[in-house]
Amino acid sequence: MENNMTDCEEGEGGPTSQGDGHPKESSPFINSCAASDMEKSQQYECKSMALFEEEIDTSPMVSSLLSSLANYSNLPTGSKEHEEAENNEEGARPSKKPVKAPQLGTLMGVYLPCIQNIFGVILFLRMTWMVGIGGVFGSFIIVFMCCSTTMLTAISMSAIATNGVVPAGGSYYMISRSLGPEFGGAVGICFYLGTTFAGAMYILGCIEILLIYIVPQAAIFKIEGLEGAEAEIALLNNMRVYGTIVLSFMAIVVFVGVKYVNKLALVFLACVILSILAVYVGIVKTALEPPVFPVCLLGNRTLLSKSYDVCAKVIEIDNETITTKMWRSFCDSDSLNATCDEYFINNNVTEIQGIPGVTSGILAENLFGNYLEKGMILEKRGIASNVDPDVPTTNANRYVLADITSFFTLLVGIYFPSVTGIMAGSNRSGDLRDAQKSIPIGTIAAITTTSIVYMSCVVLFGACIEGVVLRDKFGEGVNGNLVIGTLAWPSPWVIVFGSFFSTCGAGLQSLTGAPRLLQAISRDGIIPFLRVFGHGKANGEPTWALLLTASICEIGIIIASLDSVAPILSMFFLMCYMFVNLACALQTLLRTPNWRPRFKFYHWALSFLGMSLCLSLMFICSWFYAIIAMGIATCIYKYIEFCGAEKEWGDGIRGISLSAARFALMRLEEGPPHTKNWRPQILVLVSMDAEQNVEQPRLLSLTSQLKAGKGLTIVGTSVQGTFLDSYTEAQRADQSLRKLMETEKVKGFSQVVVSSNIRDGTSHLIQVGGLGGLKHNTVMVSWPQNWKQPQCYQQFKNFIEVVRETTIASLALLVPKNISSYPSNGERFTEGHIDMWWIVHDGGMLMLLPFLLRQHKVWRKCKMRIFTVAQMDDNSIQMKKDLITFLYHLRIDAAVEVVEMLDSDISVYTYEKTLVMEQRSQILKQMHLTKNEMEREIQSITDSSRGSIRRKKPSTLHPQHSTEEGISLTEKPDDKSEAVSNPKQVRLIQSKNAATPTSPTSPTSPDATLAGGATTWRDSKGPNKGSTETCKDPLSMKPEWENLNQTDVRRMHTALRLNEVITKKSKEAKLVLLNMPGPPKNRVGDENYMEFLEVLTEGLNRVLLVRGGGREVITIYS
């Protein structure tokens, strides 16, 4: 595995693949392509290792991998550093390019880049103003909060960065691999936007220095002669024009040659360091020799430098009093008798020292803040002023005015960008000789250095500079000088040019880093519409990403105000830092096995404190911007969740899900859910065909329509065989289930069980489905349509066993009959009824299901009707009233009808139907005998039936098909078989079947099938099943009826009567829900039970048989 890339990796995640080419982290441990075939053949030549020779393909010897493991680094395939791409002379990416060994240490690789990125435009242009407005005490709090936030974030970042290799992408890579692609993409985009707006802020700072302090004459929109809002608009327009020009120039420089930008970085860093040193030297010099730096005050108001030439109203020249320029600014003429401004007349002009020095004691005066409204005049504390409150202020344009309304939270938003840039070291982790050592040391040392500089500057500025000068943002009272430049030694121009070049360099660095970050996000493929920005020039330069970055940066340029742009990027950086702290805290608390950072000085409490500080600072800076930033992140998160590419990076969110699931499952174990919280947790039992496709896909459609109640859904099936032999088949069945669940929009789990037979597999699913308290409480299984066919004998046996098992386990059971006729999720019923036949109490299951179905758009327009059955002794009118009241309390809207079923004698048709049922049952029982036994038993039953027919009138019934034809359709015995049936058993069966299949059948079901449809009888007169002919006289009983089981006769009578009533009332209903009778306690009457259910539901299109689980599932209470 040389050069961190093998042929195996090139094929799987090379430049032609989408995303980063490694949806899962590549590993050198298993299935490594590093060893050649010859090496593999030699690995087990030693006889002492012959025990492992069969695993040579999957488990190579450690001795052959140690070299690769020691030099392994998990870098994204295809991502290259800009310097490497520029060094490609041909301009085309080679198929394999050797990567230079990283050489950078802590100082050059982490410390100095962080210093360069942290120190910036705010230090030179806004720090003195912040101290003057907020006071030394308030400014120190701001600096301490911001520096503490970055220090805590750096500790968390160091833990994450030393927990493995961090490739290009820096914070985005760390967050996405720790919190998942959704959080990673959202925060990555926020970090990208923050970096982009930081470029706009640096460019605006650069233009501000250029137009105000270096060459004010270069302004296109002249400010001279303009006042108030007009001057402000002209300044902003100048910023927009020059900002766009500088942005275009910088974008061209980045596009043409990134390596020159990186080489100039040291020059820009030198400018920053020299400027800061010049300030410190100047501060020391003020203690020894305070500079002469006068500021002119009228009363206690600071005057503009351009409004006077001499700080006096009049001067004496040759014993003659002459008015000055200041006089002419406040009076209507040069004459001493001129009419002048009242404030000018009543107050004296004084000149104070702008920089009194460290030892002057000015610190006490600057200790507390002096917040100003926009347009207020800068006034010095401690000097009396004679002003009439009733007289409006005139000639305000002669004073230094506040350009914006200032308050504490504004200062936080403006200052915070000056502490960003702590990710510079982690972004270069691929260039570091020992990243796990250099990143923590270099980053924390850089933050410590810059924090000391910032805090000391706050105190020293307050101790050296007069308050009115500090509050003078643009130096209008000190001859237009940069205020911090007045401290510099040997000249203010050192600071002016140093800050100019540093802001230019910082802007170039932002325009270099932001496109690369966007390219890394695009190549990961988690945000589909950004994939185009992953492409670039042939050498890998992110051309399209640079174009988008410049366009977004232009938005900040159009805003044009440094004070307005700074809080915007503060939001995005704070959000990024917040999620870095969250990632570290989660990894620590979840104690994932892979969380083994080399940096040990971290704690989850520190991470949570850092996260809380970040969140607090976001809303302190600007609640409006904070909500917008969080809204952007949320939209990106949801977009990635629904539309983005699926990635599995072993993120912490998966760990949270597991921990939360475990906690919830433990809570569910505490007891059964209350009736108000009950909802159907459905286990859907499906069968698969030979191709492992689901035979009843509409079962999942019905499940989806029922899941308006949410809850658990498990779709299970059983594969026959042994686990070793049928594992591949089971996997194929599982994939088929998942695909169908996705198609039908069923949110749940699939479960496939391999068992020696289908019956046991189904039983296992019912027993062990779910986990802990999250288990199914309802089983859905399709009605076996062809249960009368001989080949489906075992199928209906399995069905009845499922009914028994759900009864024993107190599980509800749903049996949809004619499932193929049920609607799909795409169909809509515009009218119709859902009918409930409430015959026995089942805990309210029968009423809850239609309510849930009507929440789905398929059944929404269907109306509910509930029918109940009244016996002879019941008061049907009172029953209807009670039922209406009950439904009202249940908040269920349904029409109510009470159906009266009076006791009646059992009809002839019932006896005949029961006779046919028992004959069919006896024949079906023989289907699982040996072939010889089967032939003998069917022959004996047929002979017995012929004897019964001969005892009847010949004109009553006639055979439609001969019994010989029935025997011919039955499987014939093998000629070589020598099996002999037991004579006693034959005689026993003959005695039980001494009856004739002479029942008339229903018009809707004209044929009664014997032996799977082999022999069929039809009534020549054709009486229907609703015949009123009854058997009142015992003497008129036919001989073959005497041996019938009277319990079966009564059950058949009930089934026929109920079916007659249900068919009459609900023939046209879209769905009929019906209480499902329980199975027989012994297994002798299984076939009869199926016949009863068949008779009960005959003539109905869609029937849902329902059995309750033995508990109340619906309540009238809130």
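**Helix H27 and the cysteines**

Author: Within H27, the buried residues are Tyr793, Phe796, Lys797, Asn798, Phe799, Ile800, Glu801, Val802, Val803, Arg804 and Thr806. Buried means under 20% relative accessible area, exposed over 50%, and partly exposed in between, with a 1.4 Å probe and protein chains only. The model is predicted: local features need pLDDT of at least 70, side-chain atom pairs count only at pLDDT 80 or more, and totals for chains, interfaces and linings use all residues. Residues are numbered from 1 along each chain as its sequence is written, and side-chain values use heavy atoms, with hydrogens and water left out.

Helices (H or I, at least four residues) and strands (E, at least two) are DSSP runs, numbered from the N terminus. H27 covers residues 793–808, which is 16 residues. The expected span is 1.5 Å times one less than the number of residues. Ser810 follows H27, with a positive phi near 55°.

Now the cysteines. A disulfide is a pair of cysteine sulfur atoms within 2.5 Å. By this rule there are two disulfides.

One joins Cys296 and Cys311, with sulfur atoms 2.0 Å apart. The torsion about this S-S bond is about 90°, so the disulfide is right-handed. The pair links distant parts of the chain, 15 residues apart. Cys296 sits in strand S1 (residues 294–298). Cys311 lies in the loop between strand S2 (301–302) and strand S3 (314–317). Both Cys296 and Cys311 are buried.

Cys331 and Cys340 form another disulfide, with an S to S distance of 1.7 Å. The link of Cys331 and Cys340 has 105° about the S-S bond and is right-handed. Cys331 is buried, and Cys340 is too. Counting bonded cysteines along the chain, the disulfides follow the pattern 1-2, 3-4.

Cys206 is in no disulfide; the nearest cysteine sulfur belongs to Cys504, 3.3 Å away. Cys206 has a relative accessible area of 3%, so Cys206 is buried. Cys576 is in no disulfide either; the nearest cysteine sulfur is that of Cys190, 8.4 Å away. Cys576 has 0% relative accessibility and therefore counts as buried.
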